[in-house]
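Please open the structure below, and then we can go through a few points together.

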Amino acid sequence: MTGPSMTTAPAVELRNVTLAYHTFVAVKDVSLSIRKGEFVTLLGPSGCGKTTILRSIAGLVQPTGGEISVAGRRIDNVPIHKRNIGLVFQNYALFPHKSIFDNIAFGLKYRKVEKAEIARKVKRALDMVRLPGVEKKLPSEMSGGQQQRIALARAIVIEPDVLLLDEPLSALDANLREEMRTELKIIQREVGITTIFVTHDQEEALAMSDRIVVMNKGEIEQLGTPEDVYRRPETRFVASFLGQSNLLPGRITAIADGQARVQLDGGPEIIAAAPASARAGAAVTVVVRAQKVTIGAGSKAMPGKVISASYLGGTAAYFVESGGIRLQSNATIDERVWREGEAVGITINPADCLLLDEKGDRLV
Amino acid sequence: MNAVAESRGLGWRLVQVFTVLVYVFMFAPIMVVVILSFNDSQFGGFPMTGISFRWYAKLMENDAVLRAFQTSIIVALITAVICSALGVLGALALVRYEFPGKEWINTILIAPALVPETVLGVGLLLLMRWAEQPRTLWLLVLGHIMLALPYVVLVVQARLIGIKRVYEEAALSLGANRIQTFREITLPLLMPAVVASLLLVFTISFDNITASMFWRPSGVETMPTQILSMLKVSISPEINALGTLMIIVTVGLPLIGGGLARYLARSGR
């Protein structure tokens, strides 16, 4: 190899990876570079290709095109058992007929590690996932959360080049899921292992990741930090998939002082911060998060009417109508909960509005 | 209200009586054979004249019977081992891999279970004639494998579908190759089905008479053909003793095996 040395090579690199079944293209020309120690999440709805990418890296499916490298070594032609990859499944996949010790020791056995060393490593792995002393138990004697920790220990103990997590939290109940989320992140930090995490749960993705790859229909929609993808969605899909947003089609009527006046289709006018590439007369979609739509008794605000209101404790979710368009608003409750049918004033800060062009890409 | 309860009581009583009658109908002949095998009388029928084990003792001195028993056991054992191994491999291919013509091969594997045994018996015999092969014990084994293979494939397939693929995927990702994965993960999880098919094949082979009559080499008798030829001469009480032994083998073995399989399945979970 004449390329970059091992230390500067990305931990995982995908170059133009494509995977097609007959006519269905599950993954379309995906390129991605992951740094050593990074926690990257593949996020998207089911069928977006995120699991297929994970399984391609693991070697469980064969891409029909492109290259995959791990730790500077091309692996897409290497059989799965020679790839040195840690894999954790949604349903744990602990071997039901083997004790916890034998489960964790399984990978070490095939790496020709000495017996005494295996025992030491298994013990250390169990300490790491905070389940010491369970070596002799069978998987069926443990709870779901415990089983998932054992599965994590089994994957990490072989010191893989990359840890692949396929929706590992989705089989757990809500409370446990949050606890495991924190713990998984702590362990990943401690071990410093490069991790690729697949989920359809945006909260998990936002809470755990260094970077998020938002996917749709086999393609990468956006790649960025959690804040990037949440606050500055680059496409219509990302804007609508993450959080609750209002997507309002309209046309720019005028631009002045860095602000664009947008005439919404069949609705009122709205003022949005104007990016440099915004032009008067262009068809755009205004994106505004539901939390950024505030409603109150204001008089100079946009007049509207409450269509429905759901009380959620600290916040309330409203649908309000204004001049023929419908807006979603999730607001903290300051004064009181507005009732259905009440007349209110809607306020939207121009700085909270993003503009998408006709193709659905964000104007910059 | 009371009348309803009463008529339901009567109906229930009828169901009970009928159930007992069905069981009597099914098991009385078997019981008769077992009971008469201990009959002291010269004749293989009622009335009982006393209890004795003389027919069992006489059986043990009957060389033809012992030879037939030995033949049947050997054929059944060899058939069970080969057939189970083939069946496991076949089921693995059908459940775990995709290949063209899979549906066809599946159907063809199951087909011998649907074809009348007489047809299979004549067919294999004609094939061997055409190939100018002598009738040896191996032909008998081959035939029994053909008869029992569909059942093995079905039993193993059913279990294999229940074994999640992720176990194998996890083993592969941890560094075991395909053969090691099969040995360490798939086969142990498949063990109850393997034990079940060994027993099933043993019983099918040990029991078989129709096809065996076509396939056995001349001068060689299996247990069922031996009994048939003994019946042609006379109904000796020895046959009752022999029948009882057959019942013990063909009923006892699956019972033991079933218990073993259940034990393996439980400890395997």
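This is a predicted model: local features need pLDDT of at least 70, side-chain atom pairs count only at pLDDT 80 or more; totals for chains, interfaces and linings use all residues.

Residues are numbered from 1 along each chain as its sequence is written, and chains are lettered from A and ligands numbered from 1 in the order in which they are written.

1. Helix α5 of chain A. After α5(A) comes A:Gly192, with a positive phi near 70°. Helices (H or I, at least four residues) and strands (E, at least two) are DSSP runs, numbered from the N terminus.

2. Helix packing. In chain A, α2 (residues 100-109) and α4 (residues 144-156) pack with axes 7 Å apart, at an angle of about 30°. Axes here are lines fitted to C-alpha atoms, for helices over the stretch in contact, and angles run from 0 to 180 degrees between N-to-C directions. α2(A) and α4(A) are therefore roughly parallel (angles under 35 degrees; over 145 is roughly antiparallel, 65 to 115 roughly perpendicular, and the rest oblique).

3. Who meets whom. From α2(A), A:Ile100, A:Asn103, A:Ile104, A:Phe106 and A:Gly107 meet A:Ile150, A:Ala153 and A:Arg154 of α4(A); contact requires C-beta atoms, placed from the backbone, within 7 Å. The contact of α2(A) with α4(A) has five nonpolar, two polar and one charged residues. Ala, Val, Leu, Ile, Met, Phe, Trp, Tyr, Cys and Pro count as nonpolar, Asp, Glu, Lys and Arg as charged, and the others, Gly among them, as polar.

4. The side towards chain B. In chain A, 18 residues are in contact with 16 residues of chain B. β6 and α2 of chain A are the elements that give two or more residues to this side. Its classes are twelve nonpolar, five polar and one charged residues.

5. The six-stranded sheet. This open sheet of chain A runs β6-β7-β8-β3-β9-β10, with mixed pairing; strands pair if DSSP finds at least two bridges between them. Its edge strands are β6 (85-88) and β10 (219-224), and the twist averages 20° from one strand to the next. Strands β7 (residues 162-166) and β8 (residues 195-199) of chain A run parallel, joined by four bridges, and A:Leu163 stands opposite A:Thr195.

6. β9 (residues 211-216) and β10 of chain A are antiparallel, with five bridges, and A:Ile212 faces A:Gly224. Two residues lie between these strands in the hairpin, where A:Lys217 in the turn has a positive phi of about 50°.

7. The five-stranded sheet. Chain A also has an open sheet in the order β15-β19-β16-β17-β18, with antiparallel pairing. β15 (293-296) and β18 (325-332) are the edge strands. Eight bridges join β17 (residues 315-322) of chain A to β18(A), and A:Ala317 has A:Asn330 as its bridge partner.

8. Domains. Chain A is assigned domain 1 (12-237) and domain 2 (244-356), with bounds from an automatic or database assignment. Their centres, taken over C-alpha atoms, are separated by 40 Å.

Definitions and conventions
Two residues are in contact if their C-beta atoms, placed from the backbone, lie within 7 Å.
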